[in-house]
Structures are given as C-alpha cells and as structure tokens.
Amino acid sequence: MKHSIKRQMIVVFLGLLVSFVAALFLINLWLLEPYYIGNKKTQFIGMYEELNYAVKEGVLRAGMLTDSEISESLVFQAEKNNISFLIVDNMGGYITNVHDKEQLKNQLLGYLLNQAQKDSKVLESTDEYQIYQSWNPWNQTDYVEMWGELKDGSQFLLRSPLEGIKESAKISNRFLLSIGSILILISVVSVWYFARRLTAPVLELAALSEQMADLDFNAKYTSGGCDEIGELGANFNRMSEKLESTISELKSANNRLKEDIEQKEQLERMRNDFLGNVSHELKTPIALIQGYAEGLKEGVSDDAESREFYCDVIMDEAAKMNQMVKNLLTLNQLEFGDRDIVFERFDLTALVRGILQSMEILAEQEKINVIFRQEEPAYVWADEFKVEQVVRNYVSNAFHHAGGEKIVEIKIHIEGGKARTTVFNTGMPISGEDVEHIWEKFYKADKAHSREYGGNGIGLSIVKAIMESFHEKYGVNNYDNGVEFWFELDVQ
C-alpha cells in the first residue's frame, strides 16, 4: 500500500532521526562559533574588570605587577581562558603575559590609529571598550579582540584565537556524521521489524472494518492478543454483533437530533440578537424623551415656544422609537440575506444637523463641545432612516468615549462622486487588537466604560449591517489624540 502505516512509521522515525542528526550537525556548524564568541566576550569583560580592579588597588605600576597574589590571579585567568593581554600606560610602560609582545603592540596601535578596524567586525562597543573579530594575515588566524582604556587612562588589548574552536567543530561534525550513519542504519532495521509486527493486526482490523462498511456483520477479528490492538479487535467483534439491529434506528434518531439542535440554536441566536439590538437602539431616544420630559416638569423654560419645542422633540423621538423597532426587524432580515433596500435622495447635512439638535441634552450632560460647520446641502442616495441610525450610532459612540478636550467634530467631504461623513472624538485611540473586532456583535473594546454608559457592543455591528446592505465603505481611523469613524454614500 502506498500510504501504509508501516511505511509511514519507517519514514517518520527515520525522518526524525535524520532531522535530529542534521540539526545537531547544523547547530554545531553554525552556532558553535557564535556561542564560543559570545562566551569569549563574557570572559573578556571579566578580564577587563579584573584589570580595572588591579589598577584601582595599585597593583599595576610602572610596567610591572606589584602584588604577587593578584598577579598570579590575572595570569591564571588569562591562561585558563586562552587570553593574551597587553597594557600600555601613559609613560610608554607595558604589562603583558606573552613573550611576543610586538604583535600585540602593533595591533593595539592599529586600533588607536583607526586602521585595524577596517578589516575587523564589531561585536560590541561601549564608551570604555570595543570588541572585534579580526583576521591576522601574518599567521592566517581569526582572533576575538578587545581594546580600550582602563580607569587610570592606560590603553589595553585582549586577544584570543578562534582556530581551536573551528578545529573542534570539524572533529565534532565528523564524529556526528559517523555515529549518525550507524544509528540510521540500525534504526531502519529496528523500525521495519517492529512496524511489521504492529501493522499486521491493524491490517486485519482494516479488512474487518471494510466488511462491516459493506454491512457484512459476520466478519470477526481472529488474531487475538492482550494488548490495545487485541482489545480493539474484541470490541470490533462486539460491535458487529449489535450494529446490524440498531444502525437504521440510530441514523434516523441522529438526523432528527441534528435538525432540532440547529433549529434551536438558530432561534436562540435570532432572539438574543433581536433583544440586544432593541435594548441598545432604544436607550438613546428614551434618554432624550426622559430628559426633555423632566425639563418640562421642572419648568426649565417658561415661554410657550420652548415648551412646544420640548414637546416636538419628545413626540419626534417617540415616533423614531416606533420606527426603530420596525427597522431592527429589517436589520435582522438584512443579516439573513434580505437586500430589499429602498434608496431615496435626501440632504445629508440636514439629517446630521437634526440628529445633533436632538442630542443637545446628551452633549450638555457629557460636557461635549460639538463641532459641525457644514452649511451647504449634501444630497446623497441611500435609505434615509438607516443612514440616520448610522450617524446616530457614530455620534452617540463619540459622546460616550470622548476624553481630553471632549471635542466631537462631524464633517462631510464630497469627492469623486462620494460623500464621506466622518465623526471624530478626542480621547484614547483604539488598541490594535480591538480594531479588528469592534464591528462584531456584542464586542466591547472598553468593557468598564461600556458598562458605565450602558453600551452592549451592538451599535457598530448595526452600522456594519446597514453599510454592507448599501454596498458602501465604512471604517475607523486612529489618531494620536482621538478616533475617527467614517462612512461613504453615493452623491449621484
């Protein structure tokens, strides 16, 4: 069989082993030297600190190590880490742990004259020292070098060769290849043997299941065994004895159950969406009616014209509430694929101004500075009532989230046959992780603030449904000082 378990087991285990050996080889080839260099940098920094300590204690004087105990410590640390060092004081005196000091002096001089850096790779640089990887053409050797200035103003150079680690890496890679080849050969034989033993009963079970699929329930597992496969075979035998009499009834019951669950979930989802949308959409007009009614009761204005205006607003909002309920039903239908939208031409400027006028009390309560300077009419094609819902949702959202200077600015910009309406509010931008989800139902970017003003995360999902039913664009832009929501409508 092309995709047999035995073949897959051999391929998988062999592939894992080869991958493991290859990974070790590549890690050894690519990462051993960087790891060694990183460790060498740590050793250099430790040596640098030891040298500074010796300078501070007065051990390094006039070209000699004056304290034998610290001298032995410095030389021991340098030899242990295979580090050569050279220190040159301001008077030209030097201290080193190698006999051939001229090579180190020439290299240090090259760094001081900015010549050695040209052929060197910077590994680390600070105000006190620099660490480089350099190539010495005289002895054809790579080095890790550190040079700089000690606390007393002396110049120093630390050097360690990389040739040893490269040779070690080559030997290690040859060893890995030899051992890996032997392990792969042994693994191929072992995996093939055990795979054959494991797959034989599995193949019998596969043949048994094929017979059962053809409704031949007389087939039985005969290989036996006390392991998991043997237990599985026994279960196959028991299943074949009972399945024939119950399979028809089980399929019918399962089909009915699936239909009932799907219907129940759909009805529950529709009910929750409808209730959530209703509660969200009615909050603002109820608040307006309550505010104006309380104003009338408390006698906010004594003149008949103002009282008549208050009554007109209350009546208008009540009528809108009635229309909103009908529109929410339409919105649910939109989400289920009903695209029967009635387009009409209306003045968007007048619509926005009317919405802002009806929400003056909310603006005063929230101490919002509302800016809308549009004077010229902006005629667009759309469902006027649904556009009003979009604008009202955007403005209400801006009122509740305005911060800082508490400015809400609405603009209408016409260009390229489109009228783009923007609603900007000062405050905190929306976080990146929330921007992708704010259009989803019931999602709340700021849950604490949403609870404070009674938001339930449906307003922007309503905007999304309406704008998609129009086949028009909408979105949100983040700025340093606030957030801007927008939508577009046809002007022709």
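Helix H4 lies across the strands E3, E4, E5, E6, E7 and E8, and runs at about 115 degrees to E8. Lying across here rests on contact, meaning heavy atoms within 4.5 Å. Axes are lines fitted to C-alpha atoms, for helices over the stretch in contact, and angles run from 0 to 180 degrees between N-to-C directions. Helices (H or I, at least four residues) and strands (E, at least two) are DSSP runs numbered from the N terminus. This is a predicted model, in which local features need pLDDT of at least 70 and side-chain atom pairs count only at pLDDT 80 or more, while totals for chains, interfaces and linings use all residues. Residues are numbered from 1 along each chain as its sequence is written, and side-chain values use heavy atoms, with hydrogens and water left out.

Buried means under 20% relative accessible area, exposed means over 50%, and partly exposed lies in between (1.4 Å probe, protein chains only). Apart from neighbours within four places in sequence, glutamine 107 is in contact with Ala116, Ser134, Glu145, Leu157 and Arg159.

The strands under discussion belong to an open sheet of six, in the order E4-E3-E8-E7-E6-E5, with antiparallel pairing. Its edge strands are E4 (94–96) and E5 (120–125), each of which pairs on one side only. Neighbouring strands of this sheet are turned by 20 degrees against each other on average, direction ignored. Two strands count as paired if DSSP finds at least two bridges between them. Strands of a sheet pair through backbone hydrogen bonds, either parallel or antiparallel. E5 and E6 (residues 129–136) pair in the antiparallel sense over five bridges, and valine 122 has tyrosine 132 in E6 as its bridge partner.

Helix H2 (residues 32–56) also lies across strands of this sheet: E3 (84–88), E5, E6, E7 (141–149) and E8 (155–161). H2 runs at about 150 degrees to E8. Glutamate 33 is in H2 and, at 24% relative accessibility, counts as partly exposed. The C-alpha atoms of glutamate 33 and leucine 162 are separated by 8.2 Å, although the two residues are 129 residues apart along the chain.

What links lysine 41 to glutamate 124? The two form a salt bridge, with the closest N and O atoms 3.7 Å apart. A salt bridge is a side-chain nitrogen of Lys or Arg within 4 Å of a carboxyl oxygen of Asp or Glu. Because lysine 41 lies in H2 and glutamate 124 in E5, the pair ties together parts that are 83 residues apart in sequence. Glutamate 124 is partly exposed, with a relative accessible area of 25%. By this rule the count comes to nine salt bridges.

Isoleucine 371 stands opposite glutamate 409 in E12. Glutamate 409 also forms a salt bridge with arginine 373, the closest N and O atoms being 3.5 Å apart. Arginine 373 lies in the loop between E10 and E11 (379–382) and glutamate 409 in E12, so this pair ties together parts 36 residues apart in sequence. At 62% relative accessibility, arginine 373 counts as exposed, whereas glutamate 409, at 18%, counts as buried.

E12 pairs with E13 (residues 418–426) in the antiparallel sense over eight bridges. In their hairpin, which has two residues between the strands, glycine 416 takes a positive phi near 60 degrees. Glutamate 415 stands opposite lysine 418 in E13. The side chain of lysine 418 meets that of aspartate 490 in a salt bridge (2.5 Å, N to O). This pair links distant parts of the chain, with aspartate 490 in E15 (residues 482–490) and lysine 418 in E13, 72 residues apart. Aspartate 490 is partly exposed at 28% relative accessibility, and lysine 418 is partly exposed at 26%. Salt bridges that share partners join Arg373, Glu409 and Lys411 into one network.

Finally, the protein as a whole. There are 13 helices and 15 strands, and 40% of the 492 residues count as buried. Residues 24 or more positions apart account for 64% of the contacts with a separation of 6 or more.
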